[in-house]
Amino acid sequence: METLGYLIDGFGVALAPHNLMFALLGAFLGTLIGALPGLGPANGVAILIPLAFSLGLPPETALIMLTSVYAGAMYGGRISSILLNIPGDEPAMMTCLDGYPMARKGKAAEALAISAVASFMGSLIATVGLILLAPLLARFALTFGPAEYFALFLLAFATLGGITGKNPMKTVVAACLGLMISTMGIDSTGVQRYTFGVLELYEGVDFIIAIVGLFAISELLFFIEDKAGGGKEKMTVNKLSLKWADIRGIMPSSIRGGILGFIAGVLPGAGASLGSFIGYTLEKKVVGSKGYFGEGDPRGVAGPEAGNNGASSGALVPMLTLGVPGSGTTAVLLALLISLNITPGPLMFTQNADIVWGVIAALLIGNFLLLVLNIPLVGIFVRLLSVPPKYLLPVVTMVAFVGIYSISNSAFDLYFMVAFGVAGYVFRKLEIPLVPIILGLLLGPEMEKNLRHAMDIADGDWTILWDSGLAIGLWVFAGLGLILPYIVGPLLRRRMKVATGTGGPEGD
């Protein structure tokens, strides 16, 4: 009953006219961003964080808008998958398998509508799971001491590679680099570290600048490099003729995918890629020979779409309750929380209950808004795919530069942002992931603080770090998180390659 009361209060926050307006704006912009191949939700949220700051939005409104962007981008990723056979991001890859064949058969509108309904169901199931699970996990997390929190942060880094990570060693290198950057500035004892006499570095590196540089600016550089583009067969969208019987036929697939996706999202490091993959493979096993997967089976669209959208909401559970992001996009949202002087974790449910439950209520409302937006406005989203990058680049650049300058009014921050952008471009060329760098920047200070606190309590005795059963359990899971990517990752990637064909997701 207490949870229900908090949720009702959250609806009071989410249904405020200005919050509702920004939720709608975020859902619309997120869908547009998700439709652009290669951008994805993490880049979308990173690009629009400066907009939230430049508009001077209150914390709950900024979070509502950007979580709506997150949800919208997960929806939008299916558009280029179905129409162009180009995944908007990695989780949308499985949607290509049956979505594109449906489009080639003249059923593009039906495929888009089915994916919208399945995405809605997956998000709805996961949001309900978030409402039920998050308060329980937050209460459990209140029993954590500094040693347990240190082990938890270690677990977050250990599982970063995820079971779909391409190169776990590069993930470890990236996380260490992020931790190194997080030590810049003046520490808790007043000692300067790696400031090189530069006054602007005394307070450390602003992670918002790092995020916008690494994600948004590096994406601009890739746009410039690939601006020629084109060459894909242009797909037309037929008039929608979806019947209720068609929707009823995909409901079991959507429910199964949503539940599996939520479980995958809650697990740190697994995320939407795993959610979409297991959503698709389960449908193939359940339907069996009665299906025609790979040839335009609607259940092959519904399963992975429900899975990846369920995982996106599930990833908010560890972020809100433990302060540990469950995905790349929630790592960016975590940075926003910290920059707004909100401490993520179990105490957030008591100290900032209005913000937490307002965001959760906004997710429920946003799911309905996205369903309403996605079916009638799909033509607008489709036309966006034909907009040349030369028109998109100036807009994204303006938002990034104006937003960052509005935070501190410092030209140094703009130069710093560009430097991070160039570094991000180089890292991506070398296939070094960016999310571990951001996570190291975000969690490094708290990890160091808890380590110092634990050492003070134990008078320098290191055994305190594994002195409790809970801490030992977290250390064991961290060890498994480091080892499993080397064992399970290659196996899963082989299966995904087999599922999508040897030509990759862009092959017909």
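1. The lining of the second largest pocket draws at least two residues from each of α8 (168–182), β1 (185–186), α9 (207–225), α18 (389–408), α19 and α20 (435–457). The largest share, six residues, comes from α20. Helices (H or I, at least four residues) and strands (E, at least two) are DSSP runs numbered from the N terminus.

2. The model is predicted: local features need pLDDT of at least 70, side-chain atom pairs count only at pLDDT 80 or more, and totals for chains, interfaces and linings use all residues. Residues are numbered from 1 along each chain as its sequence is written, and side-chain values use heavy atoms, without hydrogens and water.

3. The lining of the second largest pocket comprises 17 nonpolar, eight polar and nine charged residues (nonpolar: Ala, Val, Leu, Ile, Met, Phe, Trp, Tyr, Cys and Pro; charged: Asp, Glu, Lys and Arg; polar: the others, Gly among them).

4. Y415 lies in helix α19 (residues 411–429). Y415 is classed as exposed because its relative accessibility is 64%, where exposed means over 50%, buried under 20% and partly exposed in between (1.4 Å probe, protein chains only). Although 206 residues separate Y415 from I209 along the chain, their C-alpha atoms are 9.8 Å apart.

5. The protein chain contains 21 helices and two strands, and 56% of its 508 residues are buried. Of the contacts (heavy atoms within 4.5 Å) between residues at least 6 apart in sequence, 79% join residues at least 24 apart.
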